Amino acid sequence: MTILEHYRKVLNGELDQSPVERFMGLKLISVEEGEATYEMQASEQHANPQGTCNGGIIGILADMAMGIAYGSTLQQDETFTTIEMKVNFFRPVWNAKIRAHATMYKRGQTIGFVQCNITDENDKLIAHASSTCMTLRGDKAQGR
């Protein structure tokens, strides 16, 4: 099964979410080839010492969306790894439903680039993330 097929089954409730999705309270909203959207409720449990949602939490949300957006373009015998991720933060989050919408920007034979906007329930931009991913095939894809 491809990553796209797998996550369509997760979306339909036919397969369970991954442990990190359950642990973080991430909810897959949509998945298409080259595109994925996740949502989560940020609350006090995600707060840093300043009381706002920790940037790492926002990074996990973006990483999941970007990973699935990239993975959704792969063939059944391919997998991937993230080789670089960057997040720019624009506004703080306290208690809010936040959404990460990731889209494939460019994909070559081995390396691809994904972008992600993280917004609040009022569609205000909280952060923008980008990720460089590497497609793995053959022996390098085994066990991943």
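**Entry 1. The hairpin of β1 and β2**

How many residues lie between β1 and β2 in their hairpin? I looked this up and found two residues between the strands, with Gly34 in the turn at a positive phi of about 80°. The model I consulted is predicted: local features need pLDDT of at least 70, side-chain atom pairs count only at pLDDT 80 or more, and totals for chains, interfaces and linings use all residues. Residues are numbered from 1 along each chain as its sequence is written, and side-chain values use heavy atoms, with hydrogens and water left out.

I took helices (H or I, at least four residues) and strands (E, at least two) as DSSP runs, numbered from the N terminus. Two strands are said to pair if DSSP finds at least two bridges between them. By that rule β1 and β2 pair in the antiparallel sense over five bridges. I noted that Leu28 has Tyr38 of β2 as its bridge partner.

**Entry 2. The sheet**

I next traced the strand order. Six strands form an open sheet, β1-β2-β4-β5-β6-β3, with antiparallel pairing. β1 and β3 stand at the edges with a single partner strand each, so one side of each has no neighbour in the sheet. On average, neighbouring strands are turned by 20° against each other, direction ignored. For such angles, axes are lines fitted to C-alpha atoms, for helices over the stretch in contact, and the values run from 0 to 180 degrees between N-to-C directions.

- β2 and β4 run antiparallel and are joined by eight bridges; Tyr38 stands opposite Ala100 in β4.
- β4 and β5 also pair in the antiparallel sense, over eight bridges, and form a hairpin with three residues between them. Ala102 stands opposite Cys116 in β5.
- β5 and β6 run antiparallel with nine bridges, and Ile118 has Ala127 of β6 as its bridge partner. Their hairpin has five residues between the strands, and Asp123 takes a positive phi near 60° there.

I also checked how far β2 is covered, where buried means under 20% relative accessible area, exposed over 50%, and partly exposed in between (1.4 Å probe, protein chains only). Six of the eight residues of β2 are buried, so β2 is largely enclosed by the rest of the structure.

Which strands does α3 touch? I found that α3 packs on the sheet and touches β1, β2, β3, β4, β5 and β6, where contact means heavy atoms within 4.5 Å. The direction of α3 makes about 40° with that of β4. α1 lies across β1, β2 and β3, running at about 140° to β1.

At the start of α3, a side-chain oxygen of Asn54 reaches to within 2.6 Å of the backbone nitrogen of Gly56.

I followed Cys116 in particular. Beyond four places in sequence, Cys116 touches residues including Ala62, Ala65, Met66, Ala100 and Ala129.

Is Glu78 buried or exposed? Glu78 is buried, with a relative accessible area of 12%, and its place is in the loop between α3 and β3. I found a polar contact of 2.8 Å between the side chains of Glu78 and Arg137, the term covering a pair of N or O atoms within 3.5 Å; within protein, one must be able to donate a hydrogen and the other to accept it, and residues adjacent in sequence count only if both atoms are side-chain atoms. The backbone nitrogen of Gln75 also lies 2.8 Å from a polar atom of the Glu78 side chain.

Asn48 lies in the loop between β2 and α3 and counts as buried at 18% relative accessibility. A polar atom of its side chain lies 2.9 Å from the backbone nitrogen of Gln50.
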